[in-house]
Amino acid sequence: MKNKYAIDWDSYAKTARAAAAEGVVLLKNDGNVLPLKEGEKLAVFGRIQFHYYKSGTGSGGMINTRYVVGILDALKEENLKLDEELEQVYRDWIAGNPYDFGKGWAQEPWGQKEMPLERAVVQKAAQKSDAALVIIGRTAGEDRDAANERGSYLLSIEEEAMLECVCAAFERVIVVLNVGNIIDMKWVETYRPQAVLYAWQGGMEGGHAVADVLMGRVNPCGKLADTIARSVADYPSDSNFGGEHGNYYQEDIYVGYRYFETFDSVKEKVLYPFGFGLSYTSFELKSAVAAKDGCCTFLVNVKNTGACAGKEVVQVYVQPPQGKLGKPARMLAAFAKTKCLKPGEEQRLVLKVNDRTFASYDDSGASGYPFCYVLEEGSYQFYIGTDVRGASHAGSLAIPETRVVEQCSQALAPVEAFERMKPAKQQDQKLALSWENVPQRRYCMTRRYEERPVRELPYTGDMGYKLSDVYDNHIKIEELIGQLNDEELCCMVRGEGMCSPKVTPGTAAAFGGVTKALAHYGIPCGCCADGPSGIRMDCGTYAFSLPNGTCLACSFNEELIERLYEFEGAELRKNQIDVLLGPGMNIHRHPLNGRNFEYFSEDPLLTGKIAAAQIRGMGTYHVTGALKHFAANNQEYHRRTYNSVISERALREIYLKGFEIAIKEGGAYAVMTTYGAVNGLWTAGNYDLLTAVLREEWHFDGFVMTDWWADINEEGKEASIRNTAAMVRSQNDVYMVTQDSEQNANRDNLKESLENGTLRRADLQQCAGNILKVLMRSAVMDRSLGRLSKEELLAAQEAAEEAQTYLDIQWHPLKEKLELDGSSIDTRKGNIWVCGLRTDGDRGMYQVRFQVRVDASELAQVPMSIFSNGTLQKTVTLNGTGGSYVEIVQPIGILLNRNNYLKLFFAESGMQIGLFCIERIE
C-alpha cells in the first residue's frame with residue numbers, strides 16, 4: 001500500500017507543471033503560428049531566457065529549490081533546432097552584464113537590462129530560423145510597488161527596440177511574458193507580433209509548462225484574471241493609488257471589469273477584457289437556466305468544434321437592475337472548466353448561483369433596508385460565455401419586490417467624508433459616471449467592544465490538567481484555560497520568531513506553548529512558515545516552488561489547484577509545519593501593486609474560490625494556510641502606515657468577499673491581518689473586522705495573527721508595536737513576532753493594561769482558547785503526544801536521509817580566536833559560505849561574533865543561518881540597520897572534533913559583513 005506521507009515528487013512536479021500550463025493565457029495567435037511543429041528552427045531572444053522568474057521577491061518568493069526549469073531549458077528538451085550561435089551572443093554579453101540582484105530586500109529591479117540587438121545579428125538569425133521567440137520578464141515583490149515607468153510596468157527602450165527589430169525581420173514572432181502581473185500591452189498594436197501569451201511566474205516547473213503550451217501538448221486554456229486597459233491612468237483607482245499616508249477608494253465597488261463594463265465612456269479603454277483567453281481549437285456553448293428557491297441553475301453544453309483537444313472555461317455573469325443603490329453592469333456569478341474535450345466531444349456543465357452571490361449590500365438605507373444584503377426589485381439578466389465582454393444573454397430572473405437576503409449590522413464604516421462613484425442612467429439608457437457621498441459610521445466601536453458579554457473563567461491554579469485531556473475529551477477546554485495565570489496568558493498571545501529554535505528550523509514563527517510554563521500544560525508549539533507559493537525555510541532546506549497566485553487564478557481550475565495543494569499539504573506535514581502563511585488573496589485593485597503576483601485577481605469570487613481550493617487541498621494533511629492580508633492590502637508603498645479609506649459596501653462586496661468564501665467554502669481556520677489601517681484603525685486591532693464581521697457574522701472558528709512586527713492602535717491614536725492589548729481586545733490572537741515571549745522582548749502593554757483595567761482577563765482567555773483549538777486540529781498535537789502512524793514516522797526518516805550538498809572547504813587553524821575579513825563573504829541570496837575549523841580537539845565552547853549592516857527598510861527581512869557541524873545554531877533575521885553596523889554574537893556550541901565545519905546560508909541578499917570572529921568562550 002502506498003504511504004500517503006511519502007511525497008511522490010514526480011507526481012508533485014507533474015501537477016505543478018499542469019497547473020502552470022493551464023494558467024498560461026494566449027492573447028493572440030494570428031495565422032495559427034502556434035503551436036510550434038516538431039523539428040522547426042527557433043531563434044530565442046531576450047536575456048530572461050537565462051534567468052527564468054519562478055516567482056516574485058520578498059517573503060512570498062524566498063524558497064530554496066533544488067532546481068528551476070527555465071523556458072530555454074525546457075525548449076532544449078524538445079525536438080526543435082535552436083539557434084545556438086544567437087544563444088552564444090547572449091551568453092557573451094551577459095558575462096559582462098550580469099543579473100542585477102540589487103542590494104537586498106526589496107531592492108532587486110523589476111526589470112533587467114536588455115541586450116542591445118544589432119540588426120545584422122537579427123537578420124542572420126531570421127535567415128536560418130522558422131520563427132522567433134521573444135521572452136520578456138518582470139519580477140515584483142514585497143515592500144515596493146511597480147512603477148508606470150520603462151523597465152517596470154512599461155517596456156524598456158531596449159525591449160521595444162528588440163521587438164521592433166525582430167518583428168521586422170521574422171514572419172513568425174511569438175512573445176512570451178514571464179511576469180508576475182499584467183504589464184502595459186500597447187506595444188502589441190505597435191509591433192504586431194503574431195502570437196502573445198502570458199506565462200506568468202510558473203514556479204520551478206514553469207519552463208516545462210510554457211514548452212507544453214508552445215508545442216501543443218497542452219492547449220492554452222487560461223483566462224485573464226484581470227482587465228488589461230490601454231494605460232495605467234485608465235484604471236479607476238489610479239488617481240487614488242500610491243498615497244504616502246493613505247488613499248480614498250473612490251471607485252468603490254467599480255473595480256476592474258466592474259468599472260469598464262458599466263460606464264459607457266470607458267469601454268473603449270479595454271485592450272483585453274476580464275476572462276479572455278484564446279485556444280488552439282474552438283468551442284460552441286448552448287445553455288439553459290432554471291431558478292428555484294433563491295438559486296439559479298445553468299446547464300451549459302460545451303462542444304469542441306475545432307481540430308484539436310482542449311479545455312474551455314464557462315463564465316456566468318449577472319447584470320442586476322440599477323435600482324436605488326447602483327450596481328455594476330456585469331458581475332461574475334459562477335465559472336467552471338471542462339475536462340479536456342476531443343474534437344467533436346461534448347460535456348454538460350452544471351453551474352449554480354445562490355442569490356447571496358449577486359445581492360448588494362446597502363450601507364446607506366437607500367433600498368429601505370440599511371445594513372442588509374438585498375435583491376432590489378427588477379429583472380436580473382444572466383450572460384454566459386468565455387469572457388466578460390463576449391458573454392451572450394442566457395436568461396433572466398424577476399424579483400417583484402426588494403427583499404432582504406441577509407441582515408447584518410453596520411461595521412467597518414468610514415469616519416471620514418468622501419465621495420464615491422455611482423452609475424447614473426441617461427436618457428439614451430447609457431450609464432454615466434456620477435458621484436455620491438459615502439455613508440459614515442453611526443456608532444462607537446469602543447462601546448461595541450465594552451458591551452460585548454465575555455465570561456471570565458475563574459483562576460484555579462495548576463489542577464494537573466494537560467491539553468491532551470481536552471483533546472481526548474476528558475475535560476472541557478475551559479478547565480485547562482482556568483489553570484493559566486496572567487503571565488502565562490500573556491505569553492500565549494506572543495508568537496516567537498523569526499526562525500525560532502522551538503519549531504522547524506528556518507521558519508517564520510512558533511505559537512502556542514512557547515514557554516516552559518505553557519509546555520508544562522502539554523501545550524505544543526505550532527509552526528508557521530512563509531508562503532504562499534512554496535515553503536520558505538531560511539536555514540536552506542529545499543522546498544517545492546509553486547506557480548504564483550495570478551497564474552493559478554488564470555487557470556480557473558479549482559479541482560486542479562486543490563490537487564496541487566494536497567501535495568503542498570504533504571510537504572508542510574513532512575517539515576512539521578502547521579500553518580503556511582498564504583494564500584495571499586487581496587484584490588488586484590491597481591496593476592502596480594508590488595504584491596499582485598502573490599494575489600489572484602481583480603474579482604472577489606474568483607479570488608475566494610481559488611483560495612478555498614488551496615485550503616481544502618492542504619487540509620487533507622491536517623495543515624492549513626493563513627488567509628492574508630486581512631484586509632485591503634492593496635499597496636506596498638508605506639504599507640506600515642497606509643490607511644485605506646473605504647465604504648462599508650466596497651469592503652463587503654469586494655475586499656472581504658474572497659476571505660468570506662475561503663472561510664465558508666474552504667474551511668480556513670487561520671487568518672493574518674495587514675500592516676496598515678482600514679478607515680483609521682490598524683487592522684491588527686480592528687474590532688469590527690476581527691470580531692463583528694469575522695467571528696460573529698461569518699462564524700469563523702480559528703485563530704488570527706498579526707503580520708510580522710505590525711503596529712496596533714486605539715482609534716484616533718498613534719499606532720505602536722507595543723499596543724498588544726488593543727490586539728487582544730479585537731480577538732487578534734497572536735502577535736507576530738517577538739524574540740522571547742517570557743521576557744516580553746517587545747515590551748508590550750499587556751501586563752499594565754490588565755492592571756489598569758483597559759484589558760479584561762477574559763479577553764486573554766478567549767484568545768488562548770482560539771489558539772488551543774487550532775493546535776488541537778493541527779498535526780502538531782498528535783506529534784507532541786507521540787501518536788504518529790508508522791507510515792508517517794517512516795516517511796520522516798526517509799526525508800532526513802536526503803542527500804546533502806558538498807562544497808570545497810577552506811580550512812583554518814582555530815585555537816583561542818580566529819579573525820576573518822567578512823567583506824570577502826558572498827552574501828547574495830541563496831549563497832552558502834563554509835569554512836573548516838581545525839582545533840586541538842580539546843572540546844572547547846565557541847561563539848561567532850561579527851559586525852553586519854543591512855541597508856534596507858525597517859520591515860526588511862534579511863536572514864542568515866549559522867550552522868556548526870551540520871547543526872543549525874541560529875537563524876539571525878535582520879531588519880534594516882539604518883546605515884550602521886551592528887554586532888551579532890552567537891554561541892555555536894562545543895566543537896567536538898579536530899575538524900569542524902562552520903556554515904552560513906544567506907536566504908536573502910543585503911547583508912554587508914565586516915569583522916568576522918570565531919572565539920573560544922570556555
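Helices (H or I, at least four residues) and strands (E, at least two) are DSSP runs, numbered from the N terminus.

I noted the ground rules: this is a predicted model, where local features need pLDDT of at least 70, side-chain atom pairs count only at pLDDT 80 or more, and totals for chains, interfaces and linings use all residues. Residues are numbered from 1 along each chain as its sequence is written, and side-chain values use heavy atoms, with hydrogens and water left out.

**Entry: H4**

Which residues of H4 are buried? I found Val122, Ala125 and Ala126 buried in this helix, residues 119–127. Down the axis of H4, the buried residues fall within an arc of 100°, so they line one face of the helix. The arc is taken over the directions from the helix axis to the C-beta atoms. The face turned away from that buried side carries the exposed residues Ala120 and Gln127. My cut-offs: buried is under 20% relative accessible area, exposed over 50%, partly exposed in between (1.4 Å probe, protein chains only).

**Entry: backbone**

Most residues other than glycine have a negative phi, and most peptide bonds are trans. I looked up departures from that.

- Trp200 has phi near 60°. It sits in the loop between strand E6 (195–198) and helix H7 (206–215). Trp200 is buried, at 1% relative accessible area.
- Phe371 also has phi near 60°. Its loop runs between strand E15 (360–362) and strand E16 (372–375). Phe371 is buried, at 12%.
- Phe630 and Ala631 are joined by a cis peptide bond, omega about 0°. Ala631 is in the loop between strand E27 (627–630) and strand E28 (643–645).
- Met736 to Val737 is cis as well, with omega near -5°. Val737 lies in strand E33 (residues 735–738).

**Entry: second largest pocket**

I read a volume of about 690 Å³ for the second largest pocket. Of its 28 lining residues, Phe335, Glu558, Leu605, Lys609 and Glu665 are the closest to its centre. A pocket is an open set of points on a 1 Å grid over the protein atoms alone, where a 1.4 Å probe fits, with protein on both sides within 12 Å along at least five of seven lines; lining residues have an atom within 4 Å of a point. Grid points are joined across faces, edges and corners, and the volume is the space filled by probe spheres set on the points.
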